[in-house]
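Notebook open, model loaded. I'll jot down what I look up as I go.

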Amino acid sequence: MTDKTVTLAHLFPELLNLYADQGNVSVLRRRAQARGWTLNVTPVKLGTQVDLGSVDMILLGGGSDREQQLVGRALAPYRADFAAAIEAGMPILAVCGGYQLLGRYYELQSGERIPGLELLEVITRADKGRLIGNIAIEWVAADGESDGRTIVGFENHAGRTFHDYAPLGRVLKGFGNNGRDHQEGLQYKGVVGTYIHGPLLPKNPHLADHLLAQALAFKGCPETLGALDDALEWRAHHAVLGMLGVKRG
Amino acid sequence: MKRLRAQAALWIGWLVTILLRLVGRRGTSLPGLVASRVSPDLLFRLLSQLEQCVVVTGTNGKTTTSALLYSMLTDDEHPWLTNRGGANLLQGLLGALLPHVDGHGRLRVQRAVLEVDEATLPRITDHYHPTLIVVTNVVRDQLDRYGEVDGALALLRSGLQYPGTILLTNADDPLATSLGWERELTYYYGMEECPVDAAPRNEVRDGAFCLICGQELHYERYIYGQLGYYSCGNGHFDRPEPHYGGKTNSSFEVVIRERTNAGRQEEFAVQAGVLGLYNDYNVLAAAAAARLLGRSLRHIQAGAGRYEAPLGRMQLFPGSPDRILALIKNPTGANSVLRTLEADERDKVVCFAINDADADGRDVSWLWDIDLEWFVATARCQSYICAGTRALDMAVRLAYAGVDREAIRISGHLPDMLRMTSGLTVPVYVLSTYTALYPLGEELRGATR
């Protein structure tokens, strides 16, 4: 009998939980369950050992500046392990603060720089005015291909993020990474970084399944995930598109 | 000299009231504040003119209890006055009296229900002795203000040391009960039947130790917090038999058994449009106080029926079905509303009206921080209806909390949502964010009329 368990490390839920990240966990758990898999969630608290050897997937949520600073410091000793995991293709979902934390630094308006994990060549600078509101993007695959699928949610960030990786998608309505280049988020190997919460996964079941499939592949059990009844999720998704006036076929 | 100052204070108080009205502001504590600065004596001069005065104090439930009691007592023949909205310090009391004073400095209304802050009580009773003082409970609250619960208890005790005043307090609260020890003219109310905690929850129990020997109190049953059926193992004290015993089963009715001194017992039911065990205690306290003042059952029942809770505080809109409206605006508040729904063991339907206007919060992430999983698994909810601009977000939230998708219905408009519940035979709970609350309240009032 095979072990049908996939393990998600939820990093620092006590600090990085600003935008209802347990919503993302809950979606991954139910969708894994529906395919006969058990999602084993390991909450990793600040100051405890992180053993990535038994982990198939990582969730890094958002927190306040102060909390991010704490987390950044705590993670620094494990930087090498994380870097190796990223290169090996481990799926990592990093939302808002977690997304910023993957990069080199987050520069406050005072000029002070909160150091990041320096896992990716990403920098973030705070600027006047927060970028707040509903957002819709067109999901563009890492190779630049798009089949027109959208991702929707809510964004609320003072940081403007810049990088040269593939974005998660093209902004249709909203601000995205920096409100300037019409790009939102980041994709690199298994990493998905994004400012979109709401939470992210409930209204974007295709993205949830994409992450889940990656986790199974990373675990060495690749599997084509069967379709679920997502009528409600898609209605909620399209309702946000409607609110934003985004027309899709 | 004191009289002149009091007269001057009165005029100044009026002047401020008139000026505030001219600029379109009412109900502030400013007139009372200014007048009490000019003459600290004025309040007591006015109070001494009252024929009857009830003071309601304690930690929780003061505002609701005094509003219920006011509603039970006042009528055209014998009007009462009250300080609404929790203005319960000295200047607030004066502010409530000022509008009822005539040109000769005499009160036109001779009866008052006054909500009074615990720390303010001794400052009043040093100069004036009310007819009746109600102490709702003594629990941990606002530690920074009173130091500790022992301090609050000492303040109340010093405010109650005058023998002519009747005391009515909570038999189920060991701390409040201790105020009546060896005191004449003391009456108790308490719950005799209510949904009870099977096991003590992980709560702070301030009163859980005997005030005489310090031993932990033994509880035969827990009600909530430190409230319950308690006794000291060394026999120092236990719960007194209440003169007014309440029975409640999480509906809108409290049945009260009155035990008069002659040994006669009488039972009567009081219905008020508020829900939850905390409110049942408030209804019981108010009805007991009204009875002690000799009010008839008919007046008490009618007054409780007239009482209108602020919109969204779990009030009942009777009809077929009964609908109950509650405001939810953050996970903590939503969780406490859900706890009250869990206590209602009847089958039920729950509606969510979720908007995302600025006043509601444009980000609806918070829906995922509500502890819905527990609610869905334990509450006997037949189906859910979602409405509002974010109805679908709520629907998805419910689906992932474990609700069968067949049992979730979506309604675009708020009136439609209510229409979908008409004719149901089970109670309907309507949980609403801020901007949906007022339209829903209007609809529900219209439907009740």
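Before reading the sheet, I note the rule: two strands pair if DSSP finds at least two bridges between them. I also remind myself that this is a predicted model.

**Sheet in chain B.** I traced an open sheet of six strands in chain B, with mixed pairing and the order E12-E13-E17-E14-E15-E16. Which strands stand at the edges? They are E12 (313-317) and E16 (408-410) of chain B; each has a single partner strand, so one side of each is left without a neighbour in the sheet. From one strand to the next, I get a twist that averages 20°.

I then looked at one pair in that sheet. E13 (residues 323-327) and E17 (residues 428-432) of chain B run parallel and are joined by five bridges. In this pair, B:Ile324 sits opposite B:Tyr429 of E17(B). I also checked the loop between E12 and E13 of chain B, where B:Pro321 lies. The peptide bond from B:Ser320 to B:Pro321 is cis, and its omega is near 5°.

**Contact between the chains.** How many residues does each chain bring to the contact? I got 20 residues from chain A and 12 residues from chain B. On the chain A side, helix H1 (22-33), strand E8 (150-163) and helix H6 (231-244) each give two or more residues. By class, that side of chain A has nine nonpolar, six polar and five charged residues.

**Hairpin in chain B.** Strands E7 (residues 218-224) and E8 (residues 227-231) of chain B pair in the antiparallel sense over five bridges. B:Arg221 has B:Tyr229 as its bridge partner in E8(B). Two residues lie between the strands of this hairpin, and B:Gly225 takes a positive phi near 50° there.

**A covered helix.** Is helix H5 (residues 90-97) of chain B mostly covered or mostly open? It is mostly covered, with seven of its eight residues buried. What covers the buried residues of H5(B) includes helices H2 (30-38) and H3 (42-47) and strands E2 (81-82) and E3 (111-115) of chain B.

Most residues other than glycine have a negative phi, and most peptide bonds are trans. So I listed exceptions to that rule. A:Gly198 and A:Pro199 are joined by a cis peptide bond with omega about -10°. A:Lys189 is not a glycine, yet its phi is positive, about 50°. A:Lys189 counts as partly exposed because I find 16 C-beta neighbours inside 10 Å. B:Leu185 also has a positive phi, about 55°, and is partly exposed with 13 other C-beta atoms within 10 Å.

**Confidence.** Chain A averages a pLDDT of 91, and 95% of the residues score at least 70. Among the elements of chain A, helix H2 (residues 65-75) has the lowest mean pLDDT, 71.

How values were computed. Residues numbered from 1 in each chain as written. Chains lettered and ligands numbered in written order. Predicted model: local features only at pLDDT ≥ 70, side-chain atom pairs only at ≥ 80, totals over all residues. Contact = placed C-beta atoms within 7 Å. Helix = DSSP H or I, 4+ residues; strand = E, 2+ residues; numbered from the N terminus. Nonpolar A, V, L, I, M, F, W, Y, C, P; charged D, E, K, R; others polar. Axes fitted to C-alpha atoms, helices over the stretch in contact; angles between N-to-C directions. pLDDT = per-residue confidence, 0-100. Buried ≥ 20, exposed ≤ 12 C-beta atoms within 10 Å, placed from the backbone.
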